Number of protein chains: 2
Amino acid sequence: MTRQVVFSPSGRRGAFPEGTTVLDAARALGVDLDSVCGGRGICGRCQVVIGSRPGVEARADRLSEPGPTETDYQGRRPLGQGHRLGCAARIVEDVVIDVPPDSQVHRQVVRKRAGVAALPVDPVVRLHYVEVPEPDLASPTGDLERLLGALEQEWGLGGLVVDPPVLRILQATLRQGGWAVTVAVRQGRDLFGIWPGFRDLALGVAFDVGSTTIAGHLCDLLTGAVLATNGAMNPQIGFGEDLMSRVSYVMMNQDGASRLTEVVRGALDELLGELVTEAAVDRGDVLELSLVGNPIMHHLVLGLDPRELGTAPFALATTSALDTPASELGLHAHGGARVYSLPCVAGHVGADAAGAVLSEGPHRGVRLQLLVDVGTNAELVLGNHDRLLAASSPTGPAFEGAQISSGQRAAPGAIERVRVDRSTLHPRFSVIGQDVWSDEAGFDFGAVTGICGSGIIEAIAELHLAGVVDTDGVIRPPIEPSSRVVASDRTYSYVLCSEPLIEVTQNDVRAVQLAKAALHAGARLLMDHYGVEQVDEIRLAGAFGSHIDPLYAMVLGMIPDCDLEQVSAAGNAAGVGAMMALLSGVARTEIEEVARVIEKVETAVEPRFQEHFVAALAIPHKTDPYPLLSELVELPPRPQPGERRRRRSD
Amino acid sequence: MTRQVVFSPSGRRGAFPEGTTVLDAARALGVDLDSVCGGRGICGRCQVVIGSRPGVEARADRLSEPGPTETDYQGRRPLGQGHRLGCAARIVEDVVIDVPPDSQVHRQVVRKRAGVAALPVDPVVRLHYVEVPEPDLASPTGDLERLLGALEQEWGLGGLVVDPPVLRILQATLRQGGWAVTVAVRQGRDLFGIWPGFRDLALGVAFDVGSTTIAGHLCDLLTGAVLATNGAMNPQIGFGEDLMSRVSYVMMNQDGASRLTEVVRGALDELLGELVTEAAVDRGDVLELSLVGNPIMHHLVLGLDPRELGTAPFALATTSALDTPASELGLHAHGGARVYSLPCVAGHVGADAAGAVLSEGPHRGVRLQLLVDVGTNAELVLGNHDRLLAASSPTGPAFEGAQISSGQRAAPGAIERVRVDRSTLHPRFSVIGQDVWSDEAGFDFGAVTGICGSGIIEAIAELHLAGVVDTDGVIRPPIEPSSRVVASDRTYSYVLCSEPLIEVTQNDVRAVQLAKAALHAGARLLMDHYGVEQVDEIRLAGAFGSHIDPLYAMVLGMIPDCDLEQVSAAGNAAGVGAMMALLSGVARTEIEEVARVIEKVETAVEPRFQEHFVAALAIPHKTDPYPLLSELVELPPRPQPGERRRRRSD
């Protein structure tokens, strides 16, 4: 007697003899129904719910009554209301079977902590429980061959390659588990872990290695859940604040590269330890890792010499994604764990940019997206599903608060938001670490220490809107003299705070102009190559991108003119990309393919870059009137051709 | 204008435009013509000779005149008379091209030192010289990607996997070699070595790990030449003379297995050092290694626990051939070198037996071969191209001189050859380390220390032929009393040497009877399974097999009756098999396939083994009259059924 079975949401259907288990029917139809224990009622991953469709209502008796397997399982773990174990429940009548997302191998996981709506979960590492025949004097096969035979028969895993350390513990593990073990297999090919009996714990760590900070995310590879997130300072800062000073250190010191490699690996391993402690798991539970970073961080973590990245032609050792044993990188995880490093795009567009692309997915849509990640170099990606272009632009460290008279890193005490009264020119500002603005009660001026990147951007943009900084970037005294604009040598400065003294000097404006012109020119060059005058969307990635106000970025002309509602922070896009690659083999294939076809535009060899750079020195731009922006704010009039400019010497 | 080209010995032919190089024509036709440098006139591996066939005589001007490439080459290395570089010589007229064996990638190499006529050379490791495009600012690809692109374009090597250490030296090596490097690739897949510029040195070491001694052979992977051969004692002897006592040591001591592993690996690494010193090369030149050994040595070298091999069901950790990084085995060769261990056949039939099978090749012929390797266990293989059977038989250590009253290892001072005068019963014997026999002038009786395995076999066989030892193995006093046969308790002993006293006691005969009966019964069991009464050929492998005289082995009934001319020593067959696997990927595939289909016969569970064992206790055998042997020697009459046996107590 056969019964009709329809699986939802796949819609796959077939006829099966009465008494067939739901899991067997799902396997026969190729339905995506998970299982670690292979249908033994242990893992609980094959849970299903009886569904309905016209003519086939959801009646519990369409499946066999729960038997001892399900009762036993419920004694150990909760089984949701109406949930049945697919491996135990047998088909009794025609039935519709709903496979909930948690029971699918390939699924989207919704999460909050990582700053992204949903991540595909499809890990390259899978666990397989298997029962192995005991050795038999009459048929002398090796333990390994019996294990491999059982894995092939039960899981269809043929041609597995076995890590030597697995072989060394194989005999003892088989006997300890009473000839039942769980193995970890990577890419359906490498058998690299083995445990006695049943086990369903497989964790992964995604690392985002920045020049300043390192972030780590501990994830459950089977569910996609983020179990812990933590950060640490990159101890390489002791060898140089910015990237180029670290490359210089390597050039000057014979063991420079290996020392920088050693300290950053040490920090990663320490962070790994903190993550597993926070989640109350073991280092040995971490079976897979992923890594993003700019090209120099990428090279140093992998033990590759970064010197070539310091001079033209900025040749990377490799642009490919790599799989490196964690042990070779000094990371103490499971002995067979590997580190997947995302591909690099070009000499200054690294695995961090690849991670951001994977996370933001400009290549997945039709809208033309400009993805900007600002650091000492701005990494820029422009495109959509038709075509992707990438470039890096030498912004220098001004946006990080360096080269600014009162500049500092974004840390407590730094001015981060600035408003300037258009008529009185009086400022108000907020500081990292204080909840109130400077004109509100309780503000502590004594705790003000300097101004960070987002603060200087807002200050200059506000001064431009107030008419103090002209379109050429010159600080000009107002017609009504103001105590705020003071002469200093042959130029003027704006006094943002008098006690302590925090000024915006003419040199500060020049430094920001140079940085923002480089950024704008890079974006403009990509637009030229793509053949467009405008982009549909701008995403600002990274910590700096999260801090700056899109409005002021546009008033300053850092980014091209764009509908302000389409300019937004992308959060830690590189780190999210690392997590996506950690959790999904499909995501890895995707970013490897995308990285290969991204067209690299080298700003240093493009004459047009210099032209764009010069035009972009103006605020917001020499030739582009920023029509979309002009609808929102009243930009100061531009000097007309021939108009004589007032200087202090006038 | 096209010209006809015929290659010999392949017979491949084709038409090519005048001016095509011989190498290009060979590649187009798939002719087996070697090259490391890729046709740049550096390596000299593509040497060819102008040949002839009817209508196309061997005229030098059928190829272009030697140009600067060949002149330059001859300035560096000799070019044989009439030899041309295939990459430089261009086709001018119709021509026959002879490819000499040395210019073929797949070839047979004739050698003397290894005790085998010819070895196929077809190494899994190959060197490839390649010129890599320099990095270019306008087209930012990684160094690795440019190297891989060049290897794919020039050598057709696609999808290469790169060892992380190669990546770490890649940048410096490319620049040091002026963008020309030689890479080492294993199995056409793993890029594991890189050197600046051109290089054609690739060495390998084959290890044969015996319980007592370890042998190593250093070979040139490109030519197949043996550069050095050396041996060492297995230092595990300090933990137990025979295999079972070492397994006992492991069972008794918690770190026993790791200590035994450590000392044997240390000995292998030391031997490796001696081999490279002898050949005046570096450890880093050794790119590939191979390994044979009995199952317990195999497990201990690989770091696998051998305890399971000490008790039924004698389960191996694995029977498969393995590729293990040399560094994981504590062997200091090239950092990317790997150790290929041959497959094991069964719990007591190890990688050494697989090596012997590969070397002796019973599966390659139609004659039914019995391959015997005697140690504490005798490993037996019987078969031909139709079918192969294997078994091990518990001979015990008697053949190694243990359990014998005056027994000792085959070492200086040990009696190794014995003759007994049929009428006087006077013995003469020879001793290891002395050139003369005991009845010749200059023999030094003071240097006699004991009797080794081959000596006791000859002594008992000669005593049987002289009528002193009867077919039941009883030492009987002759009818004419002799000072040589002396009473001892309730039995008799034969005095082989009086000063020092070396006797053959009744217990000695019993010990040898037990050992030889086990060996014979094992062989007989395999013959039963095959369904034959006689074998065509017997090969005696290993050191013991080389020492014993086939005639006496047969008189004693150690081996089944056979045409004596078809019984011979196989030399160090296991070690030769290791060398074959070192030098040839085809040989590896061959032995892996053969090992999978060998039928294992477990003596311990076969009731017939006991029957055969009892019948084989008689000398030479209780029921088998040894007709072929009887044509050569006069065997003493067997006791007729019912004949009353004389005992000392008679």
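The model is a predicted one, so local features need pLDDT of at least 70 and side-chain atom pairs count only at pLDDT 80 or more, while totals for chains, interfaces and linings use all residues. Residues are numbered from 1 along each chain as its sequence is written, chains are lettered from A and ligands numbered from 1 in the order in which they are written, and side-chain values use heavy atoms, with hydrogens and water left out.

Salt bridges turn up here too: the count between chain A and chain B is 4, each being a side-chain nitrogen of Lys or Arg within 4 Å of a carboxyl oxygen of Asp or Glu. One of them links the side chains of B:R175 and A:E308, at 2.9 Å from N to O. Looking at the side of chain A that touches chain B, the elements that give two or more residues are α3 (143-155), α4 (164-176) and β16 (322-325) of chain A; helices (H or I, at least four residues) and strands (E, at least two) are DSSP runs, numbered from the N terminus. The largest share comes from α4(A), with 7 residues. Sorted by class, that side of chain A has 22 nonpolar, 10 polar and 11 charged residues.

As for the extent of the contact, chain A puts in 43 residues and chain B puts in 43 residues, with contact meaning heavy atoms within 4.5 Å. About 3200 Å² is buried between chain A and chain B, and carbon and sulfur atoms give 59% of that; buried area is the accessible area (1.4 Å probe) that two parts lose on being put together, summed over both. A:L137, A:R168 and A:Q171 supply 21% of what chain A buries against chain B, more than any other three residues.

How do the copies relate? Chain A is superposed on chain B by a rotation of 180° with 0.0 Å of shift along its axis, at an RMSD of 0.1 Å, fitting by least squares on the C-alpha atoms of residues with pLDDT of at least 70 in both. The two copies are therefore related as by a two-fold rotation axis. Both copies use the same surface, since 100% of the contact residues of chain A recur in chain B.

Now for the strands, which pair if DSSP finds at least two bridges between them. In chain B, β1 (residues 2-8) and β2 (residues 13-17) run antiparallel and are joined by 5 bridges, with B:V6 opposite B:R13. Their hairpin has 4 residues between the strands, and B:G11 in it takes a positive phi near 80°. β1(B) also runs parallel to β5 (residues 95-98) of chain B, through 4 bridges, and B:V5 has B:V95 as its bridge partner there.

In chain A, 4 strands make an open, mixed sheet in the order β8-β10-β11-β9, with β8 (125-131) and β9 (161-162) as the edge strands. β8(A) and β10 (residues 180-186) of chain A run antiparallel with 7 bridges, and A:R126 stands opposite A:V185. Chain B has an open, mixed sheet of 3 strands, ordered β22-β21-β23. There, β21 (residues 414-420) is joined to β22(B) by 5 antiparallel bridges, and B:R417 stands opposite B:S430.

Note on methods:
Nonpolar A, V, L, I, M, F, W, Y, C, P; charged D, E, K, R; others polar.
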